[in-house]
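Here is a short report on one protein model. Keep the sequence and the 3D view open as you read.

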Amino acid sequence: MKAFEKVRNYLLDLDYNIILEDKEETLFIVEKEEDGISNLIVDCEEPILIIEQHLFNLEKADPEIMMALLQKNMDIIHGAFAIDETGERVVFRDTLQLENLDRNEIEGTLNSLSLLLSEYSEKIIQFASVEIK
């Protein structure tokens, strides 16, 4: 529970709005609209902190989209694109160690996501609108 409170304080310190806080599940859902972040899941799953932002749904497994996402992963400073277990949801995801977590680490991940959203938003919108042919 100590890590949960530490993460909570870091999020508030970084001016994130906590939309939902579930102590039992040890997770937060946060937003920071000016950075394009909405419904970001921050989950304190000992021994790691999982940060996950749903970006878009895949209508189909398009090899061109997959290639573009994997190539863009090379540019992402912290975190990466990932596809969930259903193969239908593309997310930004990062994991950090809770034991030694400091404010700079969580801030780095959140800044990385914000930068990704600002620089790559047109491509994300394009990928999200690909229809099954």
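The model is predicted: local features need pLDDT of at least 70, side-chain atom pairs count only at pLDDT 80 or more, and totals for chains, interfaces and linings use all residues. Residues are numbered from 1 along each chain as its sequence is written, and side-chain values use heavy atoms, with hydrogens and water left out.

**Arg93 and its surroundings**

Arg93 sits in strand S6. Strands (E, at least two residues) and helices (H or I, at least four) are DSSP runs, numbered from the N terminus. Which residues does Arg93 touch, not counting residues up to four places away in sequence? They are Ile50, Ile51, Glu52, Gly79 and Ala80. Here contact means heavy atoms within 4.5 Å. Ile51 is 42 residues away from Arg93 in sequence, yet the two C-alpha atoms are 5.6 Å apart in space. The side chains of Arg93 and Glu52 make a polar contact at 2.7 Å. A polar contact is a pair of N or O atoms within 3.5 Å; within protein, one must be able to donate a hydrogen and the other to accept it, and residues adjacent in sequence count only if both atoms are side-chain atoms.

**The sheet**

Now step back to the strands. Six of them form an open sheet, in the order S1-S2-S3-S4-S6-S5, with antiparallel pairing. Strands S1 (17-22) and S5 (80-83) are at the edges with a single partner strand each, so one side of each has no neighbour in the sheet. From one strand to the next, the twist averages 30°. Two strands pair if DSSP finds at least two bridges between them.

| Strand pair | Bridges |
|---|---|
| S3 and S4 | five bridges |
| S4 and S6 | nine bridges |
| S5 and S6 | four bridges |

S3 covers residues 37-45 and S4 covers residues 48-57. A hairpin of two residues joins S3 to S4. Across this pair, Cys44 has Leu49 of S4 as its bridge partner, and Val42 has Ile51 of S4. Facing S6, Ile48 stands opposite Gln97. Phe81 stands opposite Phe92 in S6. The hairpin of S5 and S6 has five residues between the strands, and Gly87 there takes a positive phi near 80°. S4 is mostly covered, with seven of its ten residues buried.

**Helices and core**

Helix H3 (residues 103-128) lies across S3, S4, S5 and strand S6 (89-97). H3 runs at about 15° to S4. Axes are lines fitted to C-alpha atoms, for helices over the stretch in contact, and angles run from 0 to 180 degrees between N-to-C directions.

Which residues have the most contacts inside the largest nonpolar core? They are Val7, Leu11, Val42, Leu49, Phe56 and Ile106, in a core of 36 residues. H3 gives the largest share of this core, eight residues. A nonpolar core is a set of buried Ala, Val, Leu, Ile, Met, Phe, Trp, Tyr and Cys residues joined through side-chain atoms within 4.5 Å. Leu11 shows how chain segments meet. Leaving aside neighbours within four places in sequence, Leu11 contacts Tyr16, Phe28, Val30, Val42, Ile106 and Leu110.

**Aromatic pairs**

The structure holds four aromatic pairs. In Phe4 and Phe28, the ring centres are 4.4 Å apart and the planes meet at 10°, so this pair is stacked. Phe4 belongs to helix H1 and Phe28 to strand S2, so the pair ties together parts 24 residues apart in sequence. Phe4 is buried, with a relative accessible area of 1%. Phe28 is buried too, at 0% relative accessibility.

Phe56 and Phe127 form a tilted pair, 6.1 Å centre to centre with 45° between the planes. This pair links distant parts of the chain, with Phe56 in strand S4 and Phe127 in helix H3, 71 residues apart. Both residues, Phe56 and Phe127, are buried. Rings of Phe, Tyr and Trp (its six-membered ring) pair if their centres lie within 6.5 Å; planes under 30 degrees apart count as stacked, over 60 as edge-to-face and the rest as tilted. Phe56, Phe81, Tyr120 and Phe127 form one aromatic cluster.

Conventions: Buried means under 20% relative accessible area, exposed over 50%, partly exposed in between (1.4 Å probe, protein chains only).
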